[in-house]
Amino acid sequence: MKVSEGWCWLRFVPRRRDPAAPRVVHRTARVGLRLTPGQRRRCFGLLRSAGDVWACVLEVNAWRRRRHDAPLVGYQQLCGELAASGPGTFADLDSVGARSVLRRFSDAWFAAAKRRSAGDLSARFPRRRRALLPVRWYHGTFTLDGHRVRIPTARGTSPLWIRLAREVSYPVEQVRSVTLRCEGGRLFLDVTAEVPVAVYPPGEEPDPGRVAGVDLGIIHPYAVAGPGGEGLLVSGRAIRAEHRMHLADTKSRHRAVSRRAPKPGQKGSRRWRQYRRRARLVQGRHRRRVRQAQHEAARTVVSWAVRQRVGVLHVGDPRGVLDLPAGRRHNLRLRQWQIGRLIQVLTDKATLAGITVRLVDERGTSSTCPACHRRVPKPRGRTLSCPHCAFSGHRDLVAAASIATRVPGGGSTTPAAVVLPEVVTHRRAGRHLPGAGRSRRDPRRPPRAARGSVGPRRPAPPPGGESLAHTARIHDTHRKPGER
């Protein structure tokens, strides 16, 4: 798996200086680092110094809170306190990197205050210490030269040049910031660049009058019903299998080392530290694999929408189900679903392609018949069958077709004009995951775990990661939606 090329995200720029200038988005790519032991120690020292800055802000606010003074949370006020502390207070960390930590704290505090003023009492102010904290440097403070980056350090210290695992895919003049961070015990550099929105030839640009509905799910992360009877199903079974196998591996490792675990208050041995380091590495690899698969799924949806000239995507927002207690097993599945990340990734990639994304109410779309508009019992499989009018169809596609007819801020009623997909394109997400290759078997599972004959192996998938199945056309013998 190529970690350095695994994923990226976008962020829309809210303000533009020139109204006539083309729209741009901020795109961030994560690049791996190739460091010497000395460079690795210095990079971790910068992250620890950033954590010290965070801890100092917490300490200052704790003192002010005990004296019943107003908290020190404004960015300008925090920068003033940093300047008063003098140079060299936080080792190799320079003032620009320390100010990025202060900006993070100020934004987190005001975001929590805004939520609490809106009535959300579950919002908490930042009061937890962090050992390692990401550090960001903005344009003009760092030097990018091919595979090398010069990170600024405090005055009087030696310069820090680090080597990238690959060359940055953005032009140097478009790069706006770099962020040093640690995930799973490994160091990465997030490179943020300003990328213009895609421009299409006349007659091929997305049409705002063509609307498609998107239904989010676990088995199918994205089910899309577009205009003209076109549909798209992105399979996420490989992502679900990755979550299950990772959980099983974690439990088996915990059982294997439970006897060697140190007692409460006891210092761990070298073997225990090595095991904890290995566990962090495995956890980080699992997160990167899932994140890359989610980006592949979103890219598939956006590419399909561009080919169909879809200008608006109506996405059903199912985040309300996260507030419903459904037991520890199902709650774990909902958290592994990562609904917010799926919406964010799809929105970012659609914005870069010039497609508008709108969140709509998706209540009842998977349990309402589009023909007779009656409630349908929840099916055990993926086929929705209405006992009242003998309607049947793919459950996720029916929900996506109903979502396409709804408007943002509207109710949960579905109008009669629901266009069901007749031509469905099947795609898979996560071809890089273990067990998603030619053998269809997870390499982490021992060979003797398979019972019976596995049958002939399937042919190799095409390089684009598409499904081997032909484009399917659904022939429904029931009456059309709206017919009585």
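1. Let me start with His139. Setting aside neighbours within four places in sequence, His139 touches Val175 and Arg176. Val178 is also worth a look: it sits 39 residues from His139 in sequence, and the two C-alpha atoms are 8.2 Å apart in space. Keep in mind as you read on that this is a predicted model.

2. Where does His139 sit? You'll find His139 in the loop that runs between strand 3 (135-138) and strand 4 (143-145). Is His139 buried or exposed? Its relative accessible area is 51%, so His139 counts as exposed, the cut-off for that label being over 50%.

3. Now the whole chain. There are eight helices and 17 strands in its secondary structure. The chain has 484 residues, and 42% of them count as buried. Among contacts with a separation of 6 or more, 68% are between residues 24 or more positions apart. As for surface, the chain exposes about 27,400 Å², and 50% of that comes from carbon and sulfur atoms.

4. On to charge pairs. Side chains of opposite charge can pair when their charged atoms come close. How many salt bridges are there? The count comes to twelve salt bridges. I'll go through a few of them below.

5. Take Arg129 and Glu59 to begin with: their side chains form a salt bridge, at 2.1 Å from N to O. Why does this pair tie together separate parts of the chain? Arg129 is in the loop between helix 3 (95-117) and strand 3, while Glu59 belongs to helix 1 (residues 37-66), so the bridge ties together parts that are 70 residues apart in sequence. Glu59 itself is partly exposed, with a relative accessible area of 29%.

6. Asp120 and Arg115 make another salt bridge, with an N to O distance of 2.7 Å. Asp120 is partly exposed at 27% relative accessible area. Arg115 also counts as partly exposed, its relative accessible area being 44%.

7. Then there is Glu183 with Arg291. This is a salt bridge too, and its closest N and O atoms are 3.5 Å apart. Which elements does it link? Glu183 is in strand 7 (residues 175-183) and Arg291 in helix 5 (residues 270-307), so to speak distant parts of the chain, 108 residues apart. Are the two partners buried or exposed? Glu183 is buried, since its relative accessible area of 11% falls under the 20% cut-off. Arg291 is buried as well, at 9% relative accessibility.

8. That pair doesn't stand alone. Salt bridges with shared partners join Glu183 and Arg291 with Arg30, Arg181 and Asp190 in one network. If you're checking charges in the model, this is a group to view together.

9. Last, the surface charge. Which residues form the positive surface patch? They are Arg244, Lys251, Arg255, Arg328, Arg329 and Arg333. Helix 4 (237-256) and helix 6 (328-337) each contribute at least two residues to the positive patch. Arg255 has its place in helix 4. With 59% relative accessibility, Arg255 counts as exposed.

Terms used. Residues are numbered from 1 along each chain as its sequence is written. This is a predicted model: local features need pLDDT of at least 70, side-chain atom pairs count only at pLDDT 80 or more; totals for chains, interfaces and linings use all residues. Side-chain values use heavy atoms; hydrogens and water are left out. Patches are made of residues with over 30% relative accessible area and no salt bridge: like charges are joined within 9 Å, nonpolar side chains (Val, Leu, Ile, Met, Phe, Trp, Tyr) within 5 Å. Accessible areas come from the Shrake-Rupley method with a 1.4 Å probe; for residues, only the protein chains shown count as cover. A salt bridge is a side-chain nitrogen of Lys or Arg within 4 Å of a carboxyl oxygen of Asp or Glu. Lys and Arg count as positive and Asp and Glu as negative; His and the chain ends are not counted. The place of a charge is taken as NZ of Lys, CZ of Arg, CG of Asp or CD of Glu. Helices (H or I, at least four residues) and strands (E, at least two) are DSSP runs, numbered from the N terminus. Buried means under 20% relative accessible area, exposed over 50%, partly exposed in between (1.4 Å probe, protein chains only). Contact means heavy atoms within 4.5 Å.
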